[in-house]
Amino acid sequence: FEETAFEDVSRKRSFDLAGEGKRKLDMGDYSEAIRILASVDADSVSMVFVKNNLALSYYCDKQIDKAIEITREVLKMDPYNVHANCNMVLFYNEKNDELNREKYADKIHTIKTENPDDLYKIAVTFCELKRHEKVILFIKKLLQYRPYDEKAMFYAGLACYNLGRFRESVGYFADIIKINPQNTVAPYYCGYVKV
């Protein structure tokens with residue numbers, strides 16, 4: 001019993017540290033995020049999110065090779081981890097390594113997932129690559145699970161705009177306004193998009 005209680009306390013501490021590291025990453029304090037996330041024992045599949053956040057911290061700190069190294073560790077544990085594969089697309093895109101970027105872009109397109117967070121990550125990754133048809137494909141899947149997700153609708157509206165599908169674009173922004181009349185960004189884009 002004591003050993004189990006110790007493991008529970010240790011695991012809680014790891015999760016607390018992981019949360020603190022993610023907050024530092026989100027706030028743009030990359031060196032502190034790296035310090036905290038690197039201190040977390042993340043060698044189990046249930047903790048791969050820590051390594052993914054650590055890799056993103058290195059990437060944001062312009063240490064791309066280190067980010068790739070950490071992400072390779074994740075992919076050894078979980079080859080179909082959506083976040084790790086999406087991160088590799090971004091990392092190799094930054095390095096202008098088209099061959100590896102396309103390898104991972106092809107892989108994320110074929111990963112079967114219904115997880116809304118995964119669908120969102122894939123859509124945002126394709127948005128970074130300016131592959132707007134794929135953005136819409138994954139956002140539409142996501143909206144089946146989260147029909148009132150304003151961020152997803154916003155990405156869909158932008159992707160439609162970039163494809164010249166203006167009426168559809170305005171439709172997404174108008175839906176955001178219906179859901180959240182206090183939203184100030186959607187009305188701007190509704191007025192900006194020429195129908």
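Guide: Start with ring pairs: rings of Phe, Tyr and Trp (its six-membered ring) pair if their centres lie within 6.5 Å; planes under 30 degrees apart count as stacked, over 60 as edge-to-face and the rest as tilted. By this rule there are 13 aromatic pairs. Ring pairs link Phe154, Tyr161, Phe166, Phe173, Tyr188, Tyr189 and Tyr192 into a cluster.

Visitor: What are the ground rules for this model and its numbering?

Guide: The model is predicted, so local features need pLDDT of at least 70 and side-chain atom pairs pLDDT 80 or more, while totals for chains, interfaces and linings use all residues. Residues count from 1 along each chain as its sequence is written, and side-chain values use heavy atoms, with hydrogens and water left out.

Visitor: Why is the pair of Phe154 and Tyr189 called edge-to-face?

Guide: The ring centres of Phe154 and Tyr189 are 5.4 Å apart and the planes stand at 75°, so the pair is edge-to-face. Phe154 lies in helix H9 (residues 150-162) and Tyr189 in helix H11 (residues 185-192), so the pair ties together parts 35 residues apart in sequence. Helices here are DSSP runs (H or I, at least four residues), numbered from the N terminus.

Visitor: Are Phe154 and Tyr189 buried, partly exposed or exposed?

Guide: Buried means under 20% relative accessible area, exposed over 50%, partly exposed in between (1.4 Å probe, protein chains only). Phe154 has 22%, so Phe154 is partly exposed. Tyr189 has 24%, and is therefore partly exposed.

Visitor: What makes Tyr188 and Tyr192 a stacked pair?

Guide: Their centres are 6.0 Å apart, with 20° between the planes. Both lie in helix H11, four residues apart, about one turn of the helix. Tyr192 has a relative accessible area of 42%, so Tyr192 is partly exposed.

Visitor: How do you know that the charged end of Lys107 sits over the ring of Tyr80?

Guide: The rule asks for NZ of Lys or CZ of Arg within 6 Å of the ring centre and within 35 degrees of the ring normal. The charged end of Lys107 is 5.1 Å from the centre of the Tyr80 ring.

Visitor: Why are H4 and H5 called roughly antiparallel?

Guide: Helix H4 (residues 64-77) and helix H5 (residues 82-94) pack at about 155°, with axes 10 Å apart. Angles under 35 degrees count as roughly parallel, over 145 as roughly antiparallel, 65 to 115 as roughly perpendicular and the rest as oblique. H4 and H5 are therefore roughly antiparallel.

Visitor: Which residues make the contact between H4 and H5?

Guide: Contact means heavy atoms within 4.5 Å. On H4, Ile64, Ala67 and Ile68 are among them; on H5, Met88, Phe91 and Tyr92 are included.

Visitor: What makes Met153 buried?

Guide: Met153 has 3% relative accessibility, so Met153 counts as buried. Its place is in helix H9. Leaving aside neighbours within four places in sequence, Met153 is in contact with residues including Leu143, Tyr172 and Ile179.

Visitor: Why are Asn96 and Lys130 called exposed?

Guide: Asn96 has 69% relative accessibility, so Asn96 is exposed. Lys130 has 63%, so Lys130 is exposed. Asn96 lies in the loop between H5 and helix H6 (98-110), and Lys130 in the loop between helix H7 (116-128) and helix H8 (132-145). Phi of Asn96 is near 60°; phi of Lys130 is about 65°. Most residues other than glycine have a negative phi.

Definitions and conventions:
Helix = DSSP H or I, 4+ residues; strand = E, 2+ residues; numbered from the N terminus. Axes fitted to C-alpha atoms, helices over the stretch in contact; angles between N-to-C directions.
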